[in-house]
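These notebook entries record what I looked up in one structure.

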Amino acid sequence: MSGLLPALISLVLSAPPAAPFDLPKLVDRGGATIQSQWEEVKELADDPTAQAVRLGELQLERARCTDALSVLDLLRAAPELPYAMRDTWRGRVVARPELLAVMALAGRLLSERAPGAVVTIGDIAQPGCGQIKFGTTVTFVDGEDKKALLARARWVGGAATTFDPEPPELFVDEWPRFADDLGPVWVEHRLTGLTVEGAVRVEIRRFDEGHRLGQGSIERLMDRTRKRLADRRAIVLRDVVKHTLDDGRVVKVRRGRWRDKVGKRFVEVIFRDGVRTDTLSAQTLLLVREARIDPKKPTSLIDEERYVFSDDGEAGVRVDRHVGHYEAHHVSHLAGFDADLSYITVDNAHPFEGGGWHLNPKQSFTWLSALDEAARRLAIPMKALFVDRRIVRAMKAAHVAPPSHPAWRAIHLAPGHDSHVHVRVGSAARFAVKSAAEVLELVGGVKGSLKK
Ligand SMILES: [Zn+2]
């Protein structure tokens with residue numbers, strides 16, 4: 001006993017302080033509501049100030065849907081469906097039950113009419129619904145993973161964050177992405193909220209291995225940042241936020257956000273604690289983030305670059321520049337009514353490759369008409385199949401179907417959709433179900449044989 005007590009005390013003293021992250025509570029809301037609210041905010045693009053106010057009023061960045069399902073659950077319940085995943089890491093695979101139902105029935109029709117044809121699933125919606133940001137994927141973390149994440153996280157300029165190097169092999173799933181990367185992929189986890197069940201919402205961004213800036217580059221970075229901050233009317237936010245020092249102490253640091261007049265560029269600057277903010281230099285900074293922005297896509301940073309400042313002993317301050325890896329932003333895909341799905345390619349090779357060079361036009365039309373027919377049979381509105389003109393031309397040239405075929409009416413010409421069809425369905429009250437199994441039950445009950 002006498003030996004155990006001091007050991008216990010020293011254990012308590014050496015344990016890292018419990019992570020004091022006061023994460024915002026997430027607000028549960030129907031996916032369709034979240035979608036229409038983001039659309040409303042997008043409409044305010046001409047007035048960024050009003051837009052920011054409305055974003056806050058609606059608490060949109062804290063909204064979470066619970067009425068969407070994972071397409072992975074559908075494929076586990078019905079592994080015979082002719083679908084492959086584009087990757088299993090990015091997690092943009094959340095869909096409305098209506099969309100899962102259409103995919104289930106269309107998959108069966110495709111397997112009957114074009115045996116062996118495989119469709120690759122791209123982006124649908126992200127867990128919890130909401131805006132799919134540039135460079136960002138979203139996940140919810142609970143249990144042991146949550147504990148580990150909280151233990152590693154620290155405040156970085158007001159955001160509970162981890163920023164760690166990971167081997168590119170971790171993302172081998174996304175080949176050929178990162179294939180040429182020798183150095184690490186830097187992964188940021190940003191803890192953005194807490195669900196009522198206690199899970200943490202995490203935004204993940206990936207950056208390149210990073211490059212140390214030379215003296216000239218540091219001076220240019222300082223010059224342009226100084227000029228920007230001097231333009232006071234363009235500063236959209238100045239506040240004081242939490243930051244964890246290397247020794248674990250949490251201090252308050254100053255943060256400034258700047259946006260240029262036309263709203264196309266964004267800069268965030270985080271100062272060290274206890275420095276004067278009117279004399280900007282490498283010695284007074286912790287972090288600079290630069291990005292482009294699009295007023296129609298508020299809060300979404302395009303091609304983010306970040307400059308991380310650290311002490312480097314005698315050499316002074318070291319600055320490392322990390323460039324964000326691309327991840328598509330989607331204006332739609334907010335609630336799981338929308339999905340990007342591949343066409344059918346020759347030998348199922350090169351799905352999602354642009355240009356349509358590998359297209360199998362006959363089977364692709366079979367696939368598109370299966371989607372349209374499945375929606376009709378299930379009484380789910382098929383809002384549109386967005387297809388590039390190039391693909392429509394290739395299908396017509398191959399005489400895939402007479403002009404009277406009803407699937408042509410569902411096909412809407414949309415530039416940029418030569419690598420995938422963007423499917424959009426509407427809602428149907430009887431599909432308000434809670435699991436992929438229930439979806440399959442409803443689909444299985446559809447009248448009439450699949451064979452025609
Ligand atoms: Zn899309």
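**Entry 1: the largest pocket.** I computed about 1400 Å³ of space in the largest pocket of this predicted model. A pocket here is an open set of points, on a 1 Å grid over the protein atoms alone, with protein on both sides within 12 Å along at least five of seven lines; a cavity is a set of points where a 1.4 Å probe fits but cannot get out, and lining residues have an atom within 4 Å of a point. Grid points are joined across faces, edges and corners, and a volume is the space filled by probe spheres set on the points.

I noted 49 residues in the lining of the largest pocket, with Glu61, Lys133, Arg255, Arg257 and Thr299 nearest its centre. Two or more lining residues come from each of α3 (48-57), β9 (159-166), β10 (185-194), β11 (200-207), β13 (235-244) and β14 (250-259). Helices (H or I, at least four residues) and strands (E, at least two) are DSSP runs, numbered from the N terminus. The largest share, five residues, belongs to α3.

By class I recorded 22 nonpolar, 13 polar and 14 charged residues in this lining. Ala, Val, Leu, Ile, Met, Phe, Trp, Tyr, Cys and Pro count as nonpolar, Asp, Glu, Lys and Arg as charged, and the others, Gly among them, as polar. Domain 1 (14-28 + 36-60 + 138-207) and domain 3 (211-323) each give the lining of the largest pocket at least three residues; the bounds come from an automatic or database domain assignment.

**Entry 2: conventions.** Residues are numbered from 1 along each chain as its sequence is written, and side-chain values use heavy atoms, with hydrogens and water left out. As the model is predicted, local features need pLDDT of at least 70 and side-chain atom pairs count only at pLDDT 80 or more, whereas totals for chains, interfaces and linings use all residues.

**Entry 3: cavities.** I searched the whole structure and found four cavities of 30 Å³ or more. The largest cavity holds about 80 Å³ of space. Its lining includes Trp38, Glu39, Gln131, Lys296 and His329, and divides into four nonpolar, three polar and four charged residues. Domain 1 and domain 3 each supply at least three residues to the lining of the largest cavity.

For the second largest cavity I noted about 60 Å³. Among its lining residues are Tyr343, His350, Phe352, His358 and Asp418; the classes are four nonpolar, five polar and two charged.

**Entry 4: the zinc ion.** Which residues coordinate the zinc ion? I found His333 (NE2), Asp340 (OD) and His422 (ND1), at 2.1 to 2.3 Å. Donors are N, O and S atoms within 2.8 Å of the metal (3.2 Å for Na, K and Ca); water is not among the atoms, so sites may look incomplete. The donor residues follow the spacing H-x6-D-x81-H in sequence. Asp340 in strand β19 (residues 338-342) and His422 in strand β22 (residues 420-425) link distant parts of the chain, 82 residues apart. Both Asp340 and His422 are buried (under 20% relative accessible area; exposed is over 50%, partly exposed in between; 1.4 Å probe, protein chains only).

**Entry 5: the disulfide.** I found one disulfide, defined as a pair of cysteine sulfur atoms within 2.5 Å. Cys65 and Cys129 form this disulfide, with their sulfur atoms 2.0 Å apart. Cys65, in the loop between β2 (63-64) and β3 (69-70), and Cys129, in the loop between β6 (119-121) and β7 (136-141), are 64 residues apart and link distant parts of the chain. The S-S torsion of Cys65 and Cys129 is about 75°, so the disulfide is right-handed. Cys65 is buried at a relative accessible area of 5%, and Cys129 is buried at 2%.
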